[in-house]
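Here is a short briefing on one protein model. It covers annotated positions and charged pairs.

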Amino acid sequence: MFYHPPTIMRSGNLIFSAFFLCYVLIMCCSCNQGKDSNPVNSIFSSDYVDVESFKEAIQKDLPPCNTDDSTFNRQLMKDNNGLLNTAYAYKLNEYKPIWMDASGLKPSVTLLISQLKTLQEDGLDTGKYGIAGLEAGLQQFQDQKEHPFDSLVAFDKDLTNSWLLATKDLLLGSIDIKKGDSLWFARNDSSFYGAALLITSLKADNTLPSLDTFRPDSKIYDQMKKALINWQDLKNDSDYVNAKQHIATLKNDSVLMQVLNKELQGVAVSEDDTVKTLKRWISTYQYYHQLKNTGTLDSNTIASLQQMPDDYIRHLRLNMDRIRALPRNLKGEQVWVTIPLMEVDYIKDDAVQFHSRVVVGKVSRQTPTIWANMTNIVFNPPWGVPPTILKNDVGPGVGKSGGAYLAKKGLRAFDSKGKDVTSNVNISNYKRYTYRQPPGADNSLGEVKFNLPNAWDIYLHDTPHRENFGNRYRALSSGCVRVQNPKQLAEIILNNEKFTADKIDTIISTRKTKTERLGRRLPVYIIYATVAEDSVGNQLRYLNDVYKRDESMRKFY
């Protein structure tokens, strides 16, 4: 057997193979004294593959590669089948074989296939990269000494294409998240230079670049990989799977404990001797699955326990692609809001320096996924009514109560010249004006605002409605993120003797607006992910799909 690439072989290749065999027979019948009588050596010009013939064949088999086009790099990023990136790799390599030299296949071929196999631990669909076909091809080349020329070309191209497809998926994600989540606006600011890195590395010392070059540099991503491997192992644990299938009718506490122990590997369970062991384990399980802490096998807990390893594997694959859709380097100083968890962390020096509950957008006014740099912190911020609230709240309020609605909300109306026209507002003219709340305790933004300029006018802020932070369910805002302890967050971020807790209180007491610029880059990630780190950053929590975005994403997984 000869190597057949994962794709369907073209009829032209079959014709060429027949021609090749005829050529060999003719050459065998010839008697050219003083010349090499081995037809295989003749056609390969004493090399494993004739380089000039390879150059001609590979260029015919790939799309044109116009590197002078100003949009070329964007084309590489959008190259879904990897053929343009493959063409670019061969152009950088002067269209010579990438995986073969005069002695045969390079050792890096075996490493490439091994690399691709590990990608199941990254939640990627490894079937996409034609691993089975590459392994079969490698075996054929190892078993046989002679190979049709077209098979050599196809095998070299498929190796290149598979590696570039895989590394691009690893860097940028295997799907466009926006296909299933219309409110995903976070961007991965990475550029994909897989072809250049591949050729440079192979030319330098014939080594294959590490896949870690493309993986997200993120603690939570590493935890997801570890969890995915654990669920893949549990999938093959027959005793565990059998117990899971009968979890609703289990009468044996020891079997339930075994299930909980396997699902909570590495989790520290409370050692409070005043609480029964099983109740402590159930409470811990409920925390890690964002369930109400009852310590009992209530209906929600049983429903959660009935989820099988494949459900978790699918869940993790989806969320790993979400992380890949963000900038690759997710370490360093940052603010991280997990929307379904409804909590915020300020991270510096690889440690959580501040943790707090937040209120996020209600289902009808969902908080989008974005990231942007925080530019300043405002004490005693005024509030300008955004268009959505003008349409959905102010308009109906004025229509129902007239000027009394504005007075109740502490709003003032201004015309285009900045004149206060609050007394003139009615249902017929309210759209002509802008509306602001002056600074104060009842201001909708509270006493502190964290600005992060973005197209969706989303930011973090204080709130006069602090009673909502005691609720388990906190999807209650109009889209922005309300922080439970904003003054403490401001103090930690500013880290300046001018902004100690006491001095911040003094500034606020003046009711005068004060803006303090950060003077450094501080990314704020507001992310819809249904997996999150626990409060100490050691284990994963599985979260409720508060906006049902997982439901629309699952069709891709």
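The notes below take the active site, then the salt bridges.

This is a predicted model, where local features need pLDDT of at least 70, side-chain atom pairs count only at pLDDT 80 or more, and totals for chains, interfaces and linings use all residues. Residues are numbered from 1 along each chain as its sequence is written, and side-chain values use heavy atoms, with hydrogens and water left out.

**Active site**
- An unreviewed UniProt entry lists His 461 and Cys 480 as "active site"; such annotations may be inferred rather than shown by experiment.
- They are spread over 20 residues of sequence, yet cluster in space, with a largest C-alpha distance of 7.8 Å.
- His 461 is buried at 6% relative accessibility (buried is under 20% relative accessible area, exposed over 50%, partly exposed in between; 1.4 Å probe, protein chains only).
- Cys 480 is also buried, at 13%.

**Salt bridges**
- The whole structure holds 22 salt bridges (a side-chain nitrogen of Lys or Arg within 4 Å of a carboxyl oxygen of Asp or Glu).
- Arg 322 pairs with Asp 550 at 2.8 Å between the closest N and O atoms.
- Arg 322 lies in helix 15 and Asp 550 in helix 20, so this pair ties together parts 228 residues apart in sequence (helices are DSSP runs of H or I, at least four residues, numbered from the N terminus).
- Arg 322 is buried at 1%, and Asp 550 is buried at 1%.
- Lys 60 and Glu 56 meet at 3.3 Å, N to O; Lys 60 is exposed at 66%.
- Asp 122, Asp 212 and Arg 215 form a salt-bridge network.

Methods: Helix = DSSP H or I, 4+ residues; strand = E, 2+ residues; numbered from the N terminus.
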